[in-house]
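Visitor: I have a model open and a few labels to check. Can you take me through the reasoning behind them?
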Amino acid sequence: MSNINQVSIHIPEADLQEILAAIVFINQKVKPFEIALTNKERMSIVKMGDKSFPFVKKANEYVKSAPELVPNYLNIAEFDKDVKAYQDLSSIYQLLSPLYNIIKDTRMLAGSEANKSAMMFYKAVKTAADNKVVHAKGIYVDLKKRYDSYGKKVISNPKGATDLPSEDQI
């Protein structure tokens, strides 16, 4: 990524409040239907993707056209509900997913640019403090707190080596 400023956005406060209100509204509408899975549950369940759905849909249709083949332990009403819920949630997901990714990417880029600017300022303040420029030392000491824990906190692994913070943690 270059040093070119790619994000120059100002979201008017009224627009931000409308967006947030719309998200709250959507959350309230979805809340009665939500189910939260643990990571362990997510890993253990059979997932259905785009290629599997036509199979499931066709099987759901055959359940109705060939009831004599349906095992007595298969709950047809619940099967129907699950298929319909998957379709409905897929419609919502298809609209939200690209929006989520755009917001995530734009936020990430804005954060990256803001962090680069902050680091440029921090380095300039450090240089100014080293050269005894008035007020620079106080600002440098305050900003330096962000990095004070690095280098002091040593975490040992079982083999005795130390783990240093990764670049993205600094």
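This is a predicted model: local features need pLDDT of at least 70, side-chain atom pairs count only at pLDDT 80 or more; totals for chains, interfaces and linings use all residues.

Visitor: What makes the pair of Phe53 and Tyr86 stacked?

Guide: The ring centres of Phe53 and Tyr86 lie 5.2 Å apart, and a pair needs centres within 6.5 Å. Their planes stand at 25 degrees; under 30 degrees counts as stacked, so the pair is stacked. Phe53 sits in helix α3 and Tyr86 in helix α4, 33 residues apart.

Visitor: Why is Phe53 called buried?

Guide: Its relative accessible area is 17%. Buried means under 20%, so Phe53 is buried.

Visitor: And why is Tyr86 called partly exposed?

Guide: Tyr86 has 26% relative accessibility. That value falls between the cut-offs of 20% and 50%, so Tyr86 counts as partly exposed.

Visitor: Why is the pair of Tyr122 and Tyr147 called tilted?

Guide: The planes of Tyr122 and Tyr147 are at 45 degrees. Stacked needs under 30 and edge-to-face over 60, so this pair is tilted. Tyr122 lies in helix α4, Tyr147 in the loop between α5 and β1, so the pair ties together parts 25 residues apart in sequence. Ring pairs also link Tyr122, Tyr140 and Tyr147 into a cluster.

Visitor: How do you know whether Tyr122 is buried or exposed?

Guide: Tyr122 has 12% relative accessibility; the limit for buried is under 20%, so Tyr122 is buried.

Visitor: Which helix gives the most to the lining of the second largest pocket?

Guide: α4, with four residues. This pocket has a volume of about 630 Å³. Its lining divides into ten nonpolar, no polar and three charged residues.

How values were computed: Residues are numbered from 1 along each chain as its sequence is written. Side-chain values use heavy atoms; hydrogens and water are left out. On a 1 Å grid over the protein atoms alone, a cavity is a set of points where a 1.4 Å probe fits but cannot get out, and a pocket is an open set with protein on both sides within 12 Å along at least five of seven lines; lining residues have an atom within 4 Å of a point. Grid points are joined across faces, edges and corners, and a volume is the space filled by probe spheres set on the points. Helices (H or I, at least four residues) and strands (E, at least two) are DSSP runs, numbered from the N terminus. Ala, Val, Leu, Ile, Met, Phe, Trp, Tyr, Cys and Pro count as nonpolar, Asp, Glu, Lys and Arg as charged, and the others, Gly among them, as polar. Rings of Phe, Tyr and Trp (its six-membered ring) pair if their centres lie within 6.5 Å; planes under 30 degrees apart count as stacked, over 60 as edge-to-face and the rest as tilted. Buried means under 20% relative accessible area, exposed over 50%, partly exposed in between (1.4 Å probe, protein chains only).
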